[in-house]
Amino acid sequence: MDIFSNVALGFSVALTPTNLLFCFLGSLVGTLVGVLPGLGPVGAVAFLLSLTFKMAPATAVIMLAGIYYGAMYGGSTTSILVNIPGETASVVTCLDGYRMARQGRAGAALGIAAFGSFIAGTFGVVGLMFLAPMLGRAALRFGPAEYFALTLTGLTLVAYLTQGSMIKALIMAVLGLLAGSVGMDPISGEERFTYGSLTLRDGLGLVPVAMGLFGVAEVLENLAAIGPQSIYETSIKGLLPNKKDWQASGWPIARGSVIGFLLGILPGPGPVIASFVSYAMEKRLSRHPERFGTGTIEGVAGPEAANNSATAGSFIPLLSLGIPTSAIMALFMGALMIHGIQPGPLFINKYPELFWGFIASMYIGNAMLLILNLPLIGIWVRVLKTPYAILFPMILLFCLVGVYTLNSNATEIIIMLIFGIGGFLLRRLGFEGAPFILAMVLGPMMETSLRQSLLISRGSFAIFYTRPICATLLAVTAMFLLWPLIKRRKQAKISHEN
Amino acid sequence: MKRSQLSVSLVLAGLAAFLLIQSRHLSFGSMRVPQTGFFPTVLAILLLILAVALLAQGFVGAESSRGPDKILAEGWSRIGLTLAAMIAFALVLESLGFLLSTFFLMILLLRAIESQRWSKVVVVAVLTAIASYAIFGWILGIPLPGGVLGI
């Protein structure tokens with residue numbers, strides 16, 4: 001396998017001035033949304049999606065990926081300095097990172113977070129480079145039944161992993177599938193649920209829905225409860241971790257890289273889970289578990305590494321199977337499909353310059369982020385001081401303009417606002433947006449593969465349990481669906497005996 | 001059981017019933033040749049089952065999660081004002097034009113959280129309108145509605 005020529009091809013794509021510029025812009029914007037609490041990477045990718053339509057596909061993907069891993073870097077800054085996670089994957093970083101900052105070691109915490117992220121991010125990219133083509137080749141043998149099973153397993157796992165009630169997550173998934181079926185039937189072209197609206201004929205737009213659910217809803221939630229802003233005042237000295245810090249963080253970073261990468265491949269909010277698992281693991285392995293939570297550097301290094309390698313891992317199912325496993329991957333899929341590119345087993349062979357260019361840009365982007373995050377930390381601290389009263393109108397304006405400019409259609413603004421209000425209210429009732437958006441994107445694929453399977457089997461469901469890969473996937477799905485019930489029965493039994 | 005969970009379950013069940021009726025207008029096909037109405041019908045039935053499950057869960061009281069913090073009247077008024085400003089923006093954007101709509105949107109939003117000095121609000125609103133016009137209209141070359149100003 002001439003992996004070197006592929007990597008060389010990738011760098012030749014990623015190093016063109018345009019792509020380099022957009023890689024930089026993506027990392028910069030990503031760091032910015034990561035630093036700013038109140039706008040997550042999903043919202044940011046959603047609102048920049050509209051700008052990518054006019055770009056070359058490689059440039060679009062490179063920029064969006066930059067936003068994603070940039071946000072992972074930036075999120076740690078806010079966690080460490082003000083104890084507010086910039087995004088959910090940095091929640092654990094608050095535990096020890098903020099303590100370190102209080103002890104005057106903010107510099108070391110920020111430094112190890114950035115270096116850990118860089119090492120793990122690079123590791124994740126290497127893993128992606130080797131694993132995605134392999135999985136893609138295996139997936140060539142998949143038929144519609146396997147694809148149906150894969151989409152079902154993906155959705156179920158996401159529902160299982162979503163915090164809170166699983167029934168609620170499943171309801172959101174079904175609603176998302178229904179939303180995905182608005183518009184033209186993917187097979188026959190017949191119209192569904194359009195009620196004469198021209199805008200709805202092409203289906204509900206991914207961008208207005210995602211921006212509503214993740215941008216507008218998030219802003220509304222912040223508006224509901226605004227407390228006094230804590231502002232970081234003291235200066236930061238000594239960004240480079242010392243030798244002792246490195247000795248303490250070496251293994252946590254290594255373990256976090258591997259664990260994060262593996263968890264990233266699985267469906268669900270990979271980076272978030274990876275950071276929690278890494279923290280728990282470091283605490284268990286540590287000779288001084290009592291130090292965790294009081295400002296120990298291992299508690300920052302491990303999770304920060306894990307969330308970055310998970311970012312790279314989460315691209316694997318999308319690029320090799322064509323199955324997005326999280327809300328943000330769903331948006332990536334949308335970005336590719338707008339350019340007429342179908343991610344899946346054929347993707348890497350069909351668009352080598354796109355795949356390898358994307359991989360190469362992630363190496364470059366990770367290096368850029370190290371530069372952005374360490375010397376420029378002063379700028380990010382200043383950004384953090386922007387009062388929310390000024391910030392939120394700008395975020396909303398970007399959402400409004402971003403959605404409008406998609407098709408110069410004001411109806412899409414209304415769709416975004418409806419999903420914004422709906423998303424806000426549903427979130428307060430314990431319904432999360434991630435299963436919805438994922439289901440909406442997977443919907444057409446799920447429907448097509450289900451109907452094709454039944455056509456092939458002449459209406460017999462045996463096609464789903466006689467094919468080994470498909471049967472295994474469905475068995476896994478059933479297990480995850482039933483597990484909460486079994487667990488509850490066990491708990492009830494225990495509490496009964498007590 | 002919590003009243004909110006009861007009403008959510010009922011709304012969802014109602015939605016499922018509505019979708020089930022609506023899907024009947026679409027051709028269902030058969031198991032051998034499933035057509036346009038097939039998938040939505042299956043989904044509507046699933047939604048109905050899940051809504052009933054949610055309702056049942058509410059009665060059993062298995063849901064132990066704590067509700068979110070209550071939103072104060074002040075919070076609701078901020079949300080209401082913000083939403084109203086955005087809906088108005090969507091409605092007037094094409095007739096009033098991008099620059100003016102953005103200017104008024106920013107005036108309303110900038111005062112949504114706390115009343116700031118008018119001079120500051122106006123300056124920020126004007127700058128934001130011009131800057132966003134420059135970014136989207138000129139640099140990115142996206143056609144923006146000119147409206148009454150005609151630019």
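How many C-beta neighbours does A:Phe193 have inside 10 Å, and is A:Phe193 buried, exposed or partly exposed? The count is 19, so A:Phe193 is classed as partly exposed. A residue needs 20 or more such neighbours to be buried. The model discussed here is predicted.

Most residues other than glycine have a negative phi. A:Phe193 has a positive phi, near 50°. A:Arg458 is not a glycine, and its phi is also positive, at about 55°.

Where do these residues lie? A:Phe193 sits in the chain A loop that runs between β2 (191-192) and α9 (198-201). A:Arg458 belongs to the chain A loop between α21 (434-457) and α22 (462-466). A:Arg458 is exposed, because 10 other C-beta atoms lie within 10 Å.

| Residue | Phi | C-beta atoms within 10 Å |
|---|---|---|
| A:Phe193 | near 50° | 19 neighbours, partly exposed |
| A:Arg458 | about 55° | 10 others, exposed |

**A glycine in chain B**

B:Gly137 is part of helix α5 in chain B, which covers residues 118-139. B:Gly137 has 18 C-beta neighbours inside 10 Å, so this glycine counts as partly exposed.

Which residues does B:Gly137 touch, leaving aside those up to four places away in sequence? The contacts are B:Ile142 and B:Leu144. B:Phe98 is 39 residues from B:Gly137 along the chain. The C-alpha atoms of B:Gly137 and B:Phe98 are 9.7 Å apart.

Note on methods. Residues are numbered from 1 along each chain as its sequence is written. Chains are lettered from A and ligands numbered from 1 in the order in which they are written. This is a predicted model: local features need pLDDT of at least 70, side-chain atom pairs count only at pLDDT 80 or more; totals for chains, interfaces and linings use all residues. Helices (H or I, at least four residues) and strands (E, at least two) are DSSP runs, numbered from the N terminus. A residue is buried if 20 or more other C-beta atoms lie within 10 Å of its own, exposed if 12 or fewer, and partly exposed in between; C-beta atoms are placed from the backbone. Two residues are in contact if their C-beta atoms, placed from the backbone, lie within 7 Å.
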